[in-house]
Amino acid sequence: MFPLLKQCLGLILCKHTRRLISDRQGKRAAVRFLLSHTRSLGGRSSYLRGRPKSHLQPGVSLVFVIVLLAVTHPVMAQSADDRNPPVQMFVTSDVCLACHNSLITESGRDVSIGSNWQSSLMAHSSRDPYWQASVRRETLAHPSAKESIEDECSACHMPMARYRSKVRNRKGRVFAHLPILPARGPASGLAADGVSCAMCHQIQEDTLGTEESFTAGFVVDNTTPLGQRPIFGPYDIDRGRSRIMQSASHMEPTMAGHVQDSTLCASCHTLYTHTRGPNGEVLGRLPEQVPYLEWKHSAYEGRDSCQSCHMPLLTEKMHITSVMGQLREDFSRHVFRGGNFFMPKIFNRYRNELGVSALSQDLSLATRETENHLQTNTARISFGRIENSSGAVMADVNVTNLAGHKLPTAYPSRRAWIRFTVTDAQGRTLFESGEVNPDGSIRGNINDADKERFERHYDQIRNADEVQIYEAIMATPDGRVTTGLIEAIRFIKDNRILPKGFNKATAATDIMVHGQATDDGNFTGEGDTIRYRISVDPNRGPFHVRAQLIYQPIAFRWAQNLKQQQAAEIDRFVAYYDAMSQQSWTVLASVSTIVR
C-alpha cells in the first residue's frame, strides 16, 4: 500500500491539482479529479499497471480518504475564515504558460514568454534569499513595526498575495508564506508566483505615473469576477482567439497601451520606505529607489521607455502564443534584463533549497544575457588627456552613463567603481586603485573595512587607498552610516553616475546628488572625469595604463551587515554570498593604452 499512498499523495502536489484547489469552487473539481484517479486503481492506472488487483483494493479507500482530507481541509479552512471574500482576482502563471511558451523565431531563437519570465528576477521575487534575509533583519531590528514592515516589503515582492490581503483590509505577510514549497494555501501559491502575469497585466491605467501610484499604489479591479475580468495587452484580439484565452485563463484580453508605458513599471520601481524610531514610530521616509524619477529628469523621457531596454523588441514579426497565434510586430521579450546578474547564479546553484522551477539552462542564459546587456548598453570608459611627464603618469579617465537613469540605480546595495592600474615594461604593477578582494570587498575602500565610515567622492586620485566608488550611502537621523532601510532617513553620499541630460542643479530632493560630487564641476549629466596622477620611475617605462569600470549588485558591506541579526534566512544568504563572492562583480567597460 505504501507505494500507492506515495503516488496518490503526489497528485496533491501536481500543478493541475494545485490549480483546482486554489478557490472554493475548485474543491469540487479537485474531488472529481482525485475520484477519477482513485477509480482507476483497479488495474487500469498507469501508476499501478502490472500489479495484482487483489493487492490494491484494501488500500484504495484509505488512500482516498487521506488524499481527500489533504485536498479539502485547507479550502474549508479558507472558507470559514473568509465568509464573504472578494472575488478571485488572480490566477497563477501556470495558467498562462501553456499557451505562451514554445515560441521560436524563424532563425531558431526561443523567445517564449513563459520560459523567459520564469528565469527572470520577476518570477523569483518572493524566492530571493537576499530579500528574505533583509526583511527578516528589518523585522528583528524593529519588532514593534513587524506587521507594517512585512506589508510594505511584500507589496512588490509578493504583490498578488499582498493585494489579496489589501482588499480584505489586512496587511500583507511575508514569512507566513515561507518556505515557498510546499505552498500553504491559495495566498501562498500567489506569493510563490512572484511578479506574475496576472499581476502586471491587470494593473489599470488609473493614477499611473502619479505619486499615488508609487510604492505599489497600483490599482487592480477587485469587483469583476473571473470569467469577465479584463487582462490588458498591447494587441487587439479577435473574438475567436479571445474566447480561447478566456476559456484557459478565465480572463478577457483587452487592448491597452499603458502596458508598454514607463508609468506601469514606476508603480513598484519608485519606492519609498518609512523611517522608524526605536519604538516603531514613523520619523520620515527615504526615497529607497527612484529610477523612474531619475529617468524623467534625463534626456531619455519621451524617447526611450523602461520596456525598450528591459523588455527589448524583436525586429522580426512573431507569434505571441503557440495556440492559433497571429504574427505580431513589436513583440516584447519578457526577459526583464536589468542590473542583477548575481542572483540568477545563486538561484541556479541553490535551486533545490530555494524552490526554483526554472530550468538550469534558462537561468544560465538569463545570467549571460544580463551580463551582455550590462557590458554593452550601460557605460563607456575612455581616456582624455594622458601623458608621462616629470616622473609621473597623468591620466584623465572619463566615465559615461549610457542608461536612462543613474548608474547604478534602484536598490542602494549596488555600486560601481574604477579599477585603475599602471604596470611597467616588464608587466610589474606599479600602482593599483580599486582591486577586488576574493571576498567581494574593494581593497582600500573605507566602508568595506569599517561600517561606520565611507569613501568620499574624488576628482583627483594619487594614492592606492583612494578609490572612486559610485554609490549611495545612507544615514540614520543622528547621522550614523547604515545599510538598514528602516532606520535610514537620508543619503549622505550619492555620486552614482548621472544619465545624459540630468541637471544636478535643478534635480528634485529625492533624486539629487549628495556629498562632494555636488561641487565637482567634472561630475555632470555628461559623465564624470577623474584625474589620476601616479609617481613613477621614468626608467621603467613605457607604461601600460588600464582603467576598468566594475559593477557589483550586492556590495560587500551590505551582505556583511546582515550579520548584526541572527536568523535562518540571514545565515543562509550570508553563506551563499561568502561561497560565491568571487562571482559577485563584473566589468562593465574597459580601456587601456601605452604611455611612453
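**Close-up views of a predicted model**

**View 1. Cys200 and its closest cysteine sulfur.** The sulfur of Cys200 lies 7.8 Å from the closest cysteine sulfur, that of Cys265, and is therefore too far away for a bond. Cys200 is partly exposed, its relative accessible area being 22%. The model shown here and in the following views is predicted.

View 2. With a relative accessibility of 17%, Cys197 is buried.

**View 3. The disulfide of Cys156 and Cys268.** The sulfur atoms of Cys156 and Cys268 are 2.2 Å apart and form a disulfide. This link joins distant parts of the chain, 112 residues apart: Cys156 belongs to helix 8 (residues 146-157) and Cys268 to helix 13 (residues 262-269). The link is left-handed, with -100 degrees about the S-S bond. Cys156 is buried at 13% relative accessibility, and Cys268 is buried at 19%.

**View 4. The largest nonpolar core.** This core has 78 residues; those touching the most other members are Ile346, Val397, Val399, Ile418, Phe420, Leu549 and Phe573. Helix 21 (residues 568-580) supplies the largest share of the core, six residues. Beyond its neighbours within four places in sequence, Val399 is in contact with residues including Arg380, Tyr470, Glu526 and Leu549.

View 5. The strands follow the order 14-13-15 and pair in the antiparallel sense. Strand 14 (481-482) and strand 15 (490-494) are the edge strands, each pairing on one side only. Four bridges connect strand 13 (residues 472-475) with strand 15, and Ala472 has Asp494 in strand 15 as its bridge partner.

Methods: Residues are numbered from 1 along each chain as its sequence is written. This is a predicted model: local features need pLDDT of at least 70, side-chain atom pairs count only at pLDDT 80 or more; totals for chains, interfaces and linings use all residues. Side-chain values use heavy atoms; hydrogens and water are left out. A nonpolar core is a set of buried Ala, Val, Leu, Ile, Met, Phe, Trp, Tyr and Cys residues joined through side-chain atoms within 4.5 Å. Buried means under 20% relative accessible area, exposed over 50%, partly exposed in between (1.4 Å probe, protein chains only). Helices (H or I, at least four residues) and strands (E, at least two) are DSSP runs, numbered from the N terminus. Contact means heavy atoms within 4.5 Å. Two strands pair if DSSP finds at least two bridges between them. A disulfide is a pair of cysteine sulfur atoms within 2.5 Å.
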